[in-house]
Amino acid sequence: MTEWINAAEAARQLGVKQATLYSYVSRGVLARRRGTGGKISLFDAAEVGELARRGRPRRAPGLAGLVIESGLTEIADDQLRFRGIDALDLARDAAFEDVSALLWTGTLGTGGTAGGGSGAWTATPEAVRAGSAAQAALPPGTLPLERLQVIVPALAAADPLRLHLDPPAVIAAGQAIIGGMVDCLAPGAAGTPGGHDGRIADRLWHQLCPDPPRPALLEALGAALVLLADHELAASTLAARVAASVRADPYAVVATGLGALGGALHGGASLGAEAMLAAARDPAGAPRVVGDLLRRGERVPGFGHFVYRSGDPRAGLLLAMVRRAVPASPRLAVADAVLAETHRRALPEPNIDFALAVLASCAGMITGAGEAVFAIARTAGWLAHALEEYAARTPLRPRAVYTGPAGPGVQPS
């Protein structure tokens with residue numbers, strides 16, 4: 001019979017920390033099962049023993065094989081947890097500000113305050129003026145993510161304390177950065193200023209949508225912010241974490257993350273999904289739109305995921321919330337037709353980028369709204385990872401494996 005041991009014993013036998021043990025699980029090196037109640041991880045003692053005899057698994061060269069120990073987010077068994085708490089439960093029950101507090105401090109906030117009241121989630125008036133002026137000078141049609149990439153450096157220039165890297169200062173900066181990102185989007189976004197009071201989800205709605213908020217869709221937007229707050233070492237998070245490891249200030253960390261986020265294989269996928277849904281003006285147009293993408297050899301944006309094997313659980317929750325909010329929406333009917341066509345063609349399951357695009361479409365948000373939601377939400381995660389790096393005090397410096405031509409006088413092996 002199989003002998004099962006707990007995580008502490010498995011880590012002891014392997015001579016590693018438990019965080020490293022879980023990284024072995026995420027990389028497929030070790031299998032695990034859940035104990036009674038689903039809160040205890042169990043490992044096959046024989047498998048652990050065999051790994052101990054073989055020695056630690058070798059890492060692939062370069063950043064692709066870089067493993068970083070973190071106490072923030074776990075992705076395992078197609079589930080997402082923030083500091084051990086199911087992220088889907090948090091999305092249903094907690095405000096974005098409270099989940100940010102959980103990531104930053106280890107303690108779930110209460111009442112959407114993250115330890116500082118609603119007023120803490122604002123930039124100074126000088127910073128808001130600087131950020132608003134910077135993005136207001138951009139040409140019409142500039143996407144919200146592009147505006148955010150201009151806003152953040154302007155906010156930084158107005159904060160003389162940005163180089164203070166102790167945790168309270170970083171948390172205060174994080175609240176000011178997120179609040180400033182939201183509040184500075186008008187009038188370049190939807191053009192309806194939401195003011196500087198209230199929760200982030202409420203203020204962001206007014207910046208991205210010209211229509212008044214509908215409670216159920218506003219709830220879905222709040223859930224989306226929570227679901228996107230962190231996702232382990234996604235590309236933008238790794239970039240932000242490397243910046244933090246060399247003591248870049250919180251604004252520079254966020255700017256670094258924003259630079260990587262817009263890639264078509266990362267946060268930019270929601271923009272592609274928005275365009276796909278817009279191209280299918282009615283449900284009958286969905287097969288044509290999906291077929292055209294495939295004929296051109298392009299990926300269908302918003303489908304498939306590098307990590308989840310049986311589907312992105314974040315997408316399932318967000319799509320269900322949108323479906324409950326606007327069951328008769330013509331735009332939801334288009335999204336359902338796209339889903340039906342992708343299933344017919346046996347394509348991968350939808351991911352959070354597709355669900356974001358559906359939310360934006362059904363709510364009547366401006367073009368590029370999904371990217372902005374993603375960026376503002378993930379800022380909380382970037383800064384949580386920055387806090388870990390500031391405490392570590394060791395720069396992340398992976399080495400390259402040289403594959404170029406040999407130098408003069410060097411004989412190939």
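These are my notebook entries on what I looked up in this predicted model.

**Ground rules**

I count residues from 1 along each chain as its sequence is written, and my side-chain values use heavy atoms, with hydrogens and water left out.

**Entry: the whole chain**

I started with the inventory and got 18 helices and six strands. I take these as DSSP runs numbered from the N terminus, with helices being H or I of at least four residues and strands E of at least two. The radius of gyration came out at 22 Å, close to the 22 Å that the globule rule gives for 413 residues, so the chain is as compact as a globular protein of that length. For that I used C-alpha atoms, and the rule is 2.2 Å times the number of residues to the power 0.38. Along the principal axes, the C-alpha atoms fill a box of roughly 65 × 60 × 55 Å.

Next I checked burial, and 50% of the 413 residues count as buried. My cut-offs are under 20% relative accessible area for buried, over 50% for exposed and in between for partly exposed, with a 1.4 Å probe and protein chains only. Then I turned to contacts, meaning heavy atoms within 4.5 Å. Of those with a separation of 6 or more, 71% come from residues 24 or more positions apart.

**Entry: the cores**

Which residues touch the most other members of the largest nonpolar core? I found W104 and F354, in a core of 108 residues. Helix α18 (residues 369-392) gives the most to this core, with 14 residues. A second, separate core has 15 residues, including A11, V25, F43 and L51. By nonpolar core I mean buried Ala, Val, Leu, Ile, Met, Phe, Trp, Tyr and Cys residues joined through side-chain atoms within 4.5 Å.

I then listed the contacts of F354, skipping neighbours within four places in sequence; among them are A273, M276, L277, G302 and F303.

**Entry: the rings**

I searched the whole structure for aromatic pairs and got three. Rings of Phe, Tyr and Trp (its six-membered ring) pair if their centres lie within 6.5 Å; planes under 30 degrees apart count as stacked, over 60 as edge-to-face and the rest as tilted. F303 and F354 have ring centres 4.9 Å apart and planes at 50°, so I noted the pair as tilted. This pair links distant parts of the chain, 51 residues apart: F303 is in the loop between α14 (286-295) and α15 (313-325), and F354 is in helix α17 (residues 352-363). Both of these residues are buried.

I also noted that ring pairs link F96, W104 and W121 into a cluster. Elsewhere, the charged end of R33 sits over the ring of W4, 4.8 Å from its centre. That label needs NZ of Lys or CZ of Arg within 6 Å of the ring centre and within 35 degrees of the ring normal.

How many of the 13 residues of α10 are buried? Ten are, so this helix is largely enclosed by the rest of the structure. Helix α10 (residues 215-227) reaches 18 Å from first C-alpha to last, close to the 18 Å expected. The expected span is 1.5 Å times one less than the number of residues.

Helix α8 (residues 167-183) reaches 24 Å, close to its expected 24 Å. It is mostly covered, with 13 of its 17 residues buried.

**Entry: single residues**

V152 lies in helix α7 (residues 144-157). Its relative accessibility is 1%, so I wrote it down as buried. Leaving aside neighbours within four places in sequence, V152 is in contact with M181, Y251, V254, A255 and L258.

Is A264 buried or exposed? A264 counts as exposed, at 62% relative accessibility. I placed A264 in the loop between α12 (250-261) and α13 (269-279). A264 and P301 are 37 residues apart in sequence, and their C-alpha atoms are 8.4 Å apart.

Last, I looked at positive phi values. E232 has phi near 60°, a positive value in a residue other than glycine. E232 sits in the loop between α10 and α11 (235-245) and is partly exposed at 28% relative accessibility. R393 is not a glycine either, and has a positive phi of about 60°. R393 lies in the segment after α18 and is exposed, with a relative accessible area of 66%.

Notes:
This is a predicted model: local features need pLDDT of at least 70, side-chain atom pairs count only at pLDDT 80 or more; totals for chains, interfaces and linings use all residues.
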